[in-house]
Amino acid sequence: MRLSPGAARRIAIAAQGLARPRPGHAVTTRDLIRVLETVGLVQIDSVNVLARSHYLPFFSRLGPYDPALLDRMRDRAPRRMVEYWAHEASLLPPSTWPLMEHPRMRRAEDGSWGGIQRVQREHPELVAAVLDEVASGPPRTARQLEAALGHERGPKGEHWGWNWSLVKNALEHLFWAGRISSAGRTSQFERRYAGLGRVAPPEQRERWLDRDAWPDPDAAYDELARIAVRAMGVADAADVADYFRTRRDRTEPALQRLVAAGELLPVEVDGWPRPAVLDPAARRPRRVQARALLSPFDSLVWYRPRVERIFGFRYRIEIYTPAEQRVHGYYVLPFLLGEELVGRIDLKADRSAGALRVQQVTWEPGRGGRSDAAELDAELHQLATFLTLPTVTPRPPTP
């Protein structure tokens with residue numbers, strides 16, 4: 001089967017839930033669950049210049065909603081989403097969590113960061129004590145657990161976020177290894193660590209706690225590939241491996257097994273350098289009328305080679321670029337209109353002034369006319385409503 005680039009692009013947008021009309025009613029928990037099931041997982045990031053990034057993919061697909069609904073799905077029983085290292089730190093359905101055993105949990109001592117690898121080797125007694133403390137008490141932050149165990153943080157280093165105590169390293173090791181989980185986040189974005197039995201929803205509790213019942217490696221990789229392809233519609237092996245950050249040497253055989261079983265269809269997309277697979281159930285719209293501002297960490301755009309291949313849109317985050325070297329701005333959201341990414345919008349939530357500030361607008365060549373500007377204006381006002389900011393203060397578009 002062959003697909004044109006336009007057909008592949010429309011399939012990808014529709015698979016991400018961005019071609020659906022936004023609900024004409026107040027957004028409910030059911031609507032949020034549908035988005036999570038559609039995209040498979042939502043990336044977390046701590047940058048808060050506009051909003052915590054995990055709130056934005058739901059806004060992009062549903063319009064304004066009450067973020068407290070999303071917080072309850074993560075923080076209160078029965079949880080409808082849980083946190084784990086999937087595509088970076090992510091929120092995912094509880095049923096997906098055990099699938100990460102082979103790709104991630106078993107690599108806590110050789111595939112994670114240095115500090116959380118060393119703590120198990122050098123301080124196994126501390127790791128055991130931290131596990132006992134978490135399992136025996138209520139959900140707590142690292143600071144609260146440090147206090148409970150009598151450990152103090154070392155002197156603050158030069159690099160923010162990395163002056164972790166041994167207790168914090170032990171917690172992150174146990175979290176990575178799937179021995180403990182997160183019961184949510186505080187308003188300061190601190191993770192609240194908890195035992196697995198406290199986090200797993202009732203229908204998943206037995207599955208979470210009995211590791212012998214978890215899928216074998218091939219079955220886990222197969223299911224992660226199914227989820228990823230369903231969320232992308234059409235994808236090559238690199239796209240699929242990036243979705244859950246799985247190894248290519250395990251992802252490619254999984255795709256081959258799914259194709260051999262008839263669960264996925266092999267396709268060639270004109271202009272793509274590598275063969276791809278198609279979800280047979282994917283919608284194949286002839287036309288897409290989407291409109292969305294996308295978080296830099298939205299699953300439609302988080303894998304930059306795919307974005308460039310599908311949309312011809314070269315996108316980079318410039319958060320860590322010195323200000324004088326930035327081209328498009330600090331926190332830049334791609335603007336999806338119709339079936340194209342037509343611009344880049346640098347935004348900031350100025351909460352003290354009650355304003356959504358449009359720092360910079362950069363249109364793609366040939367875009368940015370009156371119709372595009374009107375659509376962007378409408379979307380900005382929807383975003384301001386979602387963020388409860390009374391005004392939008394735009395700056396002139398960048399030529």
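**View 1. Leucine 149, a partly exposed residue in helix H7.** Leucine 149 has a relative accessible area of 24%, so it counts as partly exposed; the class lies between buried, under 20%, and exposed, over 50%, as found with a 1.4 Å probe on protein chains only. Its place is in helix H7; helices here are DSSP runs of H or I with at least four residues, strands are runs of E with at least two, and both are numbered from the N terminus. Neighbours within four places in sequence aside, leucine 149 is in contact with Ala129, Val130, Glu133 and Val167, where contact means heavy atoms within 4.5 Å. Leucine 99 is 50 residues away from leucine 149 in sequence and 32 Å away in space, C-alpha to C-alpha.

The model is predicted: local features need pLDDT of at least 70 and side-chain atom pairs count only at pLDDT 80 or more, while totals for chains, interfaces and linings use all residues. Residues are numbered from 1 along each chain as its sequence is written, and side-chain values use heavy atoms, with hydrogens and water left out.

**View 2. Helices H7 and H8.** The axes of H7 and H8 are 9 Å apart, and the helices pack at an angle of about 120°; axes are lines fitted to C-alpha atoms, for helices over the stretch in contact, and angles run from 0 to 180 degrees between N-to-C directions. H7 and H8 are therefore oblique to each other, since angles under 35 degrees count as roughly parallel, over 145 as roughly antiparallel, 65 to 115 as roughly perpendicular and the rest as oblique. Ala142, Leu145, Glu146 and Leu149 in H7 meet Val167, Lys168 and Leu171 in H8. By class, this contact of H7 with H8 has 5 nonpolar, no polar and 2 charged residues; Ala, Val, Leu, Ile, Met, Phe, Trp, Tyr, Cys and Pro count as nonpolar, Asp, Glu, Lys and Arg as charged, and the others, Gly among them, as polar.

**View 3. Helices H6 and H7.** The axes of H6 and H7 (residues 142–149) come within 11 Å and cross at roughly 110°, which means that H6 is roughly perpendicular to H7. On the H6 side, Ala129, Val130, Glu133 and Val134 meet Leu145, Ala148 and Leu149 in H7. The contact of H6 with H7 is made of 6 nonpolar residues, no polar ones and 1 charged one.

**View 4. Helices H6 and H8.** H6 (residues 124–136) and H8 (residues 166–176) have axes that come within 9 Å and cross at roughly 70°. H6 is therefore roughly perpendicular to H8. Residues of H6 that meet H8 include Val130 and Val134, and their partners in H8 include Ala170 and Leu174. The contact of H6 with H8 holds 10 nonpolar, 1 polar and no charged residues.

View 5. Of the 11 residues in H8, 10 are buried, among them Lys168, Glu172 and Trp176. The cover over the buried residues of H8 includes H6, H7, helix H5 (114–122) and strand E3 (82–86). Just after H8, glycine 178 takes a positive phi of about 75°.

**View 6. The largest nonpolar core.** This core has 102 residues, and Leu50, Leu347, Leu356 and Leu383 have the most contacts inside it; a nonpolar core is a set of buried Ala, Val, Leu, Ile, Met, Phe, Trp, Tyr and Cys residues joined through side-chain atoms within 4.5 Å. Helix H11 (residues 217–232) gives the most to the core, with 8 residues.
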